[in-house]
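Work through the following exercises on pockets with the sequence and the structure open beside you. Each task is followed by a solution that goes step by step.

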Amino acid sequence: MHSYTLLAAAKINLYLEIVGDRADGFHELAMIMQSVNLCDRITIEPSDTDSIRVTCNHPDVPNNSSNLAYRAADLMRSQFPDTFAKYGGVNITIDKSIPVAAGLAGGSSNAAAVLVGMDLLWNLGLTQGECERLGAQLGSDIPFCVRGGTALATGRGEKLSPLPDLEDLYVVLAKYESIAISTGWAYQTYRQTYEAEYIRDPESIVAYGKKVHSGKIVQAIAHHNYSTIAAELRNDFEKIVLPEHPRLQTLKEEFLQAGALGTLMSGSGSTIFAIAQSQDKADAIKSHVETTLNSPDLNLWVARFAPAGIRVI
Ligand code: ATP
């Protein structure tokens, strides 16, 4: 049996609006997700034992059953028990480049790579849609990580509508190592502060989703109108995270000073990204921010908008 190596792309949110409450306890969201080519490398090999083993080279990522990559393999085992009995266990090796707990869906993208890789390893012939539906059982961001590119995500984030690719844009990602934000804290604090504004009625939520579908940023993406995309960037979590972490607000200001087209926090943070129209411009923005903020705690990367989430290499 072959082994497979896959590249799992990080995602950024160009738009993240918290619309309201859902009966299942999750929040109803309207998001625009974008893959960027800062990738983890996942290798999936058949094992001569009947177990699933995960190894990751990052100290903050668990090597046990709480790793999302393990949970994805375990889901495949329970969905396809006969295939598992035929082929046996798997060894999964994760080589991390995506910063951890950064709002870049690193764990979700690893799980997406395992679904796609095990489909290949076990010769199952699953469609992309089937892999997305399996992913939705594990986490709201995983269907997008399977599909990749540019997409509007509604519901918990698992309902995807494709948008035209924005392949000619670059991004500078910046993350303070010492600023870690728990997604749970972010949702809880947002709810405490803004619950009165939530939409609860399911019909109004559907109507609101339709409004976002035809909204300004979606139109701007369709027309590759970069200045309007930059002007319409939105992330509701900024309202609670930036006042707690003023260094992130300063980072945004420095990105704009350096000539970024636009800047935003990704997911629940703490990564802040800046958009640029060329690799040269992105490199110059990264150098400017490195020099002016001059902090050993701050890591920066330049990446390109990517048309896919998972690539087999
Ligand atoms: P999101 O944007 O979906 O909220 P994130 O980028 O903020 O995700 P992750 O990098 O996915 O966060 O990590 C969140 C937590 O999940 C970490 O505390 C980490 O220990 C755990 N985790 C489990 N599996 C993985 C994995 N394969 N890669 C990274 N983190 C993982």
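For sorting residues by class, Ala, Val, Leu, Ile, Met, Phe, Trp, Tyr, Cys and Pro count as nonpolar, Asp, Glu, Lys and Arg count as charged, and the others, with Gly among them, count as polar. Keep in mind throughout that the model is predicted.

**Exercise 1.** Describe the largest pocket by its volume, its central residues and the elements that line it.

Solution. Begin with the volume, which is about 990 Å³ for the largest pocket. Next, look at the lining, where 41 residues are found, and where L68, A105, S108, D141 and T183 are the closest to the centre of the pocket. Then turn to the elements: β1 (4–21), β2 (27–46), α3 (106–121) and α6 (183–194) are those that each give two or more residues to this lining. Among the elements, α3 provides the largest share, with four residues. Finally, sort the lining of the largest pocket by class, which gives 18 nonpolar, 18 polar and five charged residues.

**Exercise 2.** Describe the second largest pocket in the order of volume, central residues, elements and classes.

Solution. The volume of the second largest pocket is about 260 Å³. Its lining consists of 18 residues, of which E28, G155, K159, I205 and V206 are the closest to the centre. Two or more residues of this lining come from each of β1, β2, β5 (150–155) and α7 (202–213), and the largest share, seven residues, belongs to α7. Sorted by class, the lining of the second largest pocket holds eight nonpolar, four polar and six charged residues.

Key
Residues numbered from 1 in each chain as written. Predicted model: local features only at pLDDT ≥ 70, side-chain atom pairs only at ≥ 80, totals over all residues. Heavy atoms only, no water. 1 Å grid on protein atoms, 1.4 Å probe; cavity = no way out; pocket = protein on both sides within 12 Å on 5 of 7 lines; lining within 4 Å. Points joined across faces, edges and corners; volume = space filled by probe spheres on them.
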